[in-house]
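Have the sequence and the 3D view open as you read.

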Amino acid sequence: MMSLFGQASSKISKSRASEEDKVPDDTEPDDTSILDENEGSIISSLISQLRVGMDLHKVTFPTFVLEPRSMLERITDFMSHPDLLFGAETCDDPEERFIRVLQYYLAGWHIKPKGVKKPYNPVLGEFFRCRYDYPDGSRGFYIAEQVSHHPPISAFYYVSPANKVAVIGELRPKSKFLGNSVSTVMEGENRVYLLGRPEDNEYVISMPNMYARGILWGKMFLELGDSCTAKNEKTGHYAEIQFKTKGYFSGTYNAIQGRIRRGNTEVGEVSGKWSATMEFKSSKGEKRVLFDAVRDGQKIAPKWVAPEDEQEPNESRRLWTRLTRAIVAKDMDAATEAKTAVEDAQREQRRVMEERGEVHVPRFFHLKDGRWVPKLALPTDPQEAVAAVEKFIWPALPPSYVQSPALQQQQ
């Protein structure tokens, strides 16, 4: 909820600002935003909507704060460095497998738009799907769907059968207005599966919270705060990672600190900056770099997405195409009109369903034991699994879709 109220209202006294809402001295330029005059004047009309502690799900924010992609696509940031996870199942040491999973997760946070932006809120039934082509010829597949509107829930599934990795999860963000800040509580979890180690079962990882500071006055900046946990009940490993928000007089911007344990035994500690270098130091004193965002941050696995004219109407990029074009062109009026059109159509669709007594049924996911999981039974054979996943995600392959060479030879 970003780049908001900087010059919006003379009614708000700057004396109300807390020390934590001042921009830290070492805040990185790409993490800040400043309003221009036009944006500031528009923001003033929103002041009356806000109350401290208010849930922001129903508050309409101006289009200039938007990142030009849906939250369903933004989740793919965590699939950007798969090499950190591939091959983890070959490690005989359960501690090493746990650290590899933690590496994969921590490496996803450095990817963000310039400034302080938020992705589009997905509408009910919206979905995003893509494919990854890796240098060794293997592939990864991703599907995400907005499975609930009240409360908003995004379910997602990533799998690379040849690399024996799967990730299943759901995201339930809740944003609140805190005065000169907005907090987004990132409820939900990532469940990582090393398919070559079925005895490990799942690695469950939660998310830190996000804070946009300085939304009523001053320069805006973004922080990750509070903690996330990673655990594997089968191996007994557990980590709690603190994402530290910086105080005005002390601390470091974007810092993390945490410990890894197996049962009651300490294995080591994690430290560094999620925007730079993160390290693991074992209880024996041995150090290793988990991820260096400055050195390796640009080595992002590219994804293939079907052209918009080959997408279904409720696929993310096609659904929001007018809004995205307007944001890129910096045409705020056109962007507002495009965003309103999608949201009005969604409200009308829900109204019609309610009148008919119908209930929305997600296409790709279903609720099982309180968790959203894909409607797919994955074959154990890697080639059969690739074929099953392709058919699941793309029942009718787009004309520009190129099947893997192995599957082409079978046909």
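A residue is called buried when its relative accessible area is under 20%, exposed when it is over 50%, and partly exposed in between. Keep in mind that this is a predicted model.

Three of them, including the one just described, are set out here.

| Salt bridge | N to O distance |
|---|---|
| Arginine 74 and glutamate 67 | 3.3 Å |
| Arginine 259 and glutamate 266 | 2.6 Å |

How accessible are the partners in the other two pairs? Arginine 74 counts as buried because its relative accessibility is 11%, and glutamate 67 is buried too, at 5%. Arginine 259 has 35% relative accessibility, so it counts as partly exposed. Glutamate 266, with a relative accessible area of 33%, is also partly exposed. Elsewhere, salt bridges that share partners join Glu170, Glu189, Arg191, Glu202 and Arg371 into one network.

Which buried residue has no salt bridge? Glutamate 126 is such a residue, and the nearest side chain of opposite charge, arginine 317, is 9.8 Å away. Glutamate 126 lies in the loop between strand S3 (118-120) and strand S4 (127-133). A polar atom of its side chain lies 3.0 Å from the backbone nitrogen of valine 123.

The structure holds 1 cavity of 30 Å³ or more. About 50 Å³ of space lies in the largest cavity. Among the residues lining this cavity are Phe78, Met79, Tyr104 and Val167. The lining divides into 9 nonpolar residues, with no polar and no charged ones.

**Backbone details in loops**

The peptide bond from histidine 150 to proline 151 is cis, with omega near -5°. Proline 151 lies in the loop between strand S5 (139-148) and strand S6 (153-160).

Asparagine 201 is not a glycine, yet its phi is positive, near 60°. Its relative accessibility is 38%, so asparagine 201 counts as partly exposed. Aspartate 369 also has a positive phi, of about 55°, and lies in the loop between strand S18 (365-368) and strand S19 (371-374). Aspartate 369 counts as exposed because its relative accessibility is 75%.

Key. Residues are numbered from 1 along each chain as its sequence is written. This is a predicted model: local features need pLDDT of at least 70, side-chain atom pairs count only at pLDDT 80 or more; totals for chains, interfaces and linings use all residues. Side-chain values use heavy atoms; hydrogens and water are left out. On a 1 Å grid over the protein atoms alone, a cavity is a set of points where a 1.4 Å probe fits but cannot get out, and a pocket is an open set with protein on both sides within 12 Å along at least five of seven lines; lining residues have an atom within 4 Å of a point. Grid points are joined across faces, edges and corners, and a volume is the space filled by probe spheres set on the points. Ala, Val, Leu, Ile, Met, Phe, Trp, Tyr, Cys and Pro count as nonpolar, Asp, Glu, Lys and Arg as charged, and the others, Gly among them, as polar. Helices (H or I, at least four residues) and strands (E, at least two) are DSSP runs, numbered from the N terminus. Buried means under 20% relative accessible area, exposed over 50%, partly exposed in between (1.4 Å probe, protein chains only). Lys and Arg count as positive and Asp and Glu as negative; His and the chain ends are not counted. A salt bridge is a side-chain nitrogen of Lys or Arg within 4 Å of a carboxyl oxygen of Asp or Glu. A polar contact is a pair of N or O atoms within 3.5 Å; within protein, one must be able to donate a hydrogen and the other to accept it, and residues adjacent in sequence count only if both atoms are side-chain atoms.
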